[in-house]
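I opened the notebook for a new chain today.

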Amino acid sequence: MNFKFKRNKRTAKQEEYIDKQVKKFPRTIFYVFLVYFVLFAIYIGWYIYFRNTYELSEVDGTSMQNTLNPNISSENDGDDLVYINTIKQLERFDIVVINDKNADGSDIKLIKRVIGMPGDYVTIKKADDGYFHVFMLNYETGEIYSLNESYVKSYSDWTYGPDSVYDSSVAVLGEEYELRFYETFIANPQYAQENVVLVEGVYFFKVPDNEIFYLGDNRGRSSDSRVRGTAKLEKVEGVAEIILPGGAEEGVNLLAIKVEALFSYYWNRLENFFSR
């Protein structure tokens, strides 16, 4: 038996429609490839910029708690990683990685927060709450004010180790200064002539040109400017902009942590941009 299927003849309007679709097909393919090409070019451009701008750095110790490594208790441990921007211009409150040397001459990388920029006047003394605070001086107006440091680990939570140098003070002219800061800067003959001023009974240290004064957020357990002195700008490796929480832990999915941290970082930047 022979079966013949009868094809319905297309109407002129259908033929015209099909003809238009056939002609549009190459244009559609072109636009699809164009979109993919633009997206790929954006990705490659971002990738090149990111690789040339950011470096991955480990975070060791408890000196930056609770901002970094909030879940560790040992100075030799570290959970977090950070991407540091190597070309960003420094600003006060930036978290930075500093290349320094230990007393034995060995190299060490410190991650701390910038508190005093070149030319700033700073001091550390007890405030009315009984805890040591950073005070700044506006040299032009003579205004003295306590630095707003909401990122600092709660003063009542500070834990001083058995060899801590930060739990002692010295009283001078009615003000009580953190002893280590006072000895390193205010009473240091190296700075006495040009970098120490007395305003309204309070001693301030002027940060030298091309140097920064830096502290850890966990002030009770931080080897920072109070021990090491100021750091030259050329020693600053970069600004920590993107935190990878738990990125240094064993067995973690680092790629997932990176993707989440990068997405969160750029999403926040977009939100800040459109909220202006």
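This is a predicted model: local features need pLDDT of at least 70, side-chain atom pairs count only at pLDDT 80 or more; totals for chains, interfaces and linings use all residues.

**Entry 1: a loop leucine.** I started at Leu 173. I found Leu 173 in the loop between strand 8 (169-172) and strand 9 (175-178). Leu 173 has a positive phi of about 50 degrees, although it is not a glycine. I noted the background rule: most residues other than glycine have a negative phi. Is Leu 173 buried or exposed? Leu 173 counts as exposed because its relative accessibility is 58%, and the cut-off for exposed is over 50%.

**Entry 2: confidence.** The chain averages a pLDDT of 86. Of the residues, 87% score at least 70. Where is confidence lowest in the chain? Helix 1 (residues 12-53) is the lowest, at a mean of 78. Strand 12 (residues 211-215) is the highest, at 97.

**Entry 3: the whole chain.** I looked up the secondary structure and got five helices and 14 strands. The chain has 276 residues, and 39% of them count as buried. Its accessible surface comes to about 17,600 Å². Carbon and sulfur atoms hold 52% of that surface. I then looked at contacts between residues at least 6 apart in sequence. Of these, 60% join residues at least 24 apart.

Entry 4: I went on to Asn 210, in the loop between strand 11 (202-206) and strand 12. Asn 210 is not a glycine, yet it has a positive phi of about 60 degrees. Asn 210 counts as exposed because its relative accessibility is 55%.

**Entry 5: a cis bond.** I checked the peptide bonds. Which two residues does the cis peptide bond join? The bond is between Gln 65 and Asn 66, with omega at about 5 degrees. I placed Asn 66 in the loop between strand 1 and strand 2 (81-85). Most peptide bonds are trans.

**Entry 6: two buried residues.** I looked at Ser 57, which sits in strand 1 (residues 54-58). Ser 57 counts as buried because its relative accessibility is 7%, and the cut-off for buried is under 20%. What does Ser 57 touch, not counting residues up to four places away in sequence? I listed Leu 81, Val 82, Ile 84 and Val 97.

Next I took Arg 219, in the loop between strand 12 and helix 4 (225-228). Arg 219 is buried, with a relative accessible area of 4%. I also took a distance from Arg 219 to Thr 62. They are 157 residues apart along the chain, and their C-alpha atoms are separated by 9.9 Å.

**Entry 7: the second largest pocket.** Strand 3 (95-101), strand 4 (107-116) and strand 13 (231-232) are the elements that give two or more residues to the lining. Which element gives the largest share? I found that strand 3 does, with four residues.

Terms used: Residues are numbered from 1 along each chain as its sequence is written. Side-chain values use heavy atoms; hydrogens and water are left out. Buried means under 20% relative accessible area, exposed over 50%, partly exposed in between (1.4 Å probe, protein chains only). Contact means heavy atoms within 4.5 Å. Accessible areas come from the Shrake-Rupley method with a 1.4 Å probe; for residues, only the protein chains shown count as cover. pLDDT is the predictor's confidence in each residue, from 0 to 100.
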